[in-house]
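Please have the sequence and the 3D view open as you read.

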Amino acid sequence: MTINPDIADQVSPKYYQTASGIEAIDVIKGYRLGFHLGNAFKYIVRAGRKTEDRTVDLNKALWYLKDAVASQGVDFVCGYPHPRRPRVADVIVAFDLSGNLADAVRAILAGYANAENCRDAIEDIEGELAQ
């Protein structure tokens, strides 16, 4: 899809881009993440990139994960992951994630996400915020 250069930065801002070319939207679409998990993933990978205070984005990610569990996974995953999706390891490296945040992303992208995976991701993010 061609994007008008005048609005390209609004559609695909720098904080969603990586040197490897993987963007948050590529992962969300590739893993067919639903509304809650897609937003949680987006906020995790942009934490500390859009603003210096990453706690705001991490708390937003927590909210989406907790709401996904509370709504009993209405939209955990919207279909089978795309066969040409980025590998989880490549996503972790591309977004320079480590420790708790890498574990949270692994939990979100693990197979067919479920409430247990969301609870794992919640624990990981809460651990990151506690540091």
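## Helix α3

This is a predicted model, and we begin with α3, which spans residues 35-46. Its 12 residues reach 17 Å from the first C-alpha to the last, close to the 16 Å expected at 1.5 Å a residue.

Most of α3 is covered, with 11 of its 12 residues buried. The buried set consists of H36, L37, G38, N39, A40, F41, K42, Y43, I44, V45 and R46. The cover over these buried residues includes α2 (24-30), α4 (54-70), α5 (88-94), α6 (99-109) and α7 (115-130).

## Helix α6

Now to α6, where eight of the 11 residues are buried, so this helix is largely enclosed by the rest of the structure. Those buried in α6 are N100, L101, A102, A104, V105, A107, I108 and L109. Among the elements that cover them are α2, α3, α4, α5 and α7.

## Where the two meet

How do the axes of α3 and α6 cross, and within what distance do they come? They come within 11 Å and cross at roughly 160°. An angle over 145 degrees counts as roughly antiparallel, and that makes α3 roughly antiparallel to α6. The crossing of the two helices is left-handed.

On the α3 side, the contact is made by L37, A40, F41 and I44, and on the α6 side by L101, A104, V105 and I108. Sorted by class, the contact of α3 with α6 has eight nonpolar residues, with no polar and no charged ones.

Definitions and conventions. Residues are numbered from 1 along each chain as its sequence is written. This is a predicted model: local features need pLDDT of at least 70, side-chain atom pairs count only at pLDDT 80 or more; totals for chains, interfaces and linings use all residues. Side-chain values use heavy atoms; hydrogens and water are left out. Helices (H or I, at least four residues) and strands (E, at least two) are DSSP runs, numbered from the N terminus. The expected span of a helix is 1.5 Å times one less than its number of residues. Buried means under 20% relative accessible area, exposed over 50%, partly exposed in between (1.4 Å probe, protein chains only). Contact means heavy atoms within 4.5 Å. Axes are lines fitted to C-alpha atoms, for helices over the stretch in contact, and angles run from 0 to 180 degrees between N-to-C directions. Angles under 35 degrees count as roughly parallel, over 145 as roughly antiparallel, 65 to 115 as roughly perpendicular and the rest as oblique. A crossing is left-handed if the near helix is turned anticlockwise from the far one by less than a right angle, and right-handed if clockwise. Ala, Val, Leu, Ile, Met, Phe, Trp, Tyr, Cys and Pro count as nonpolar, Asp, Glu, Lys and Arg as charged, and the others, Gly among them, as polar.
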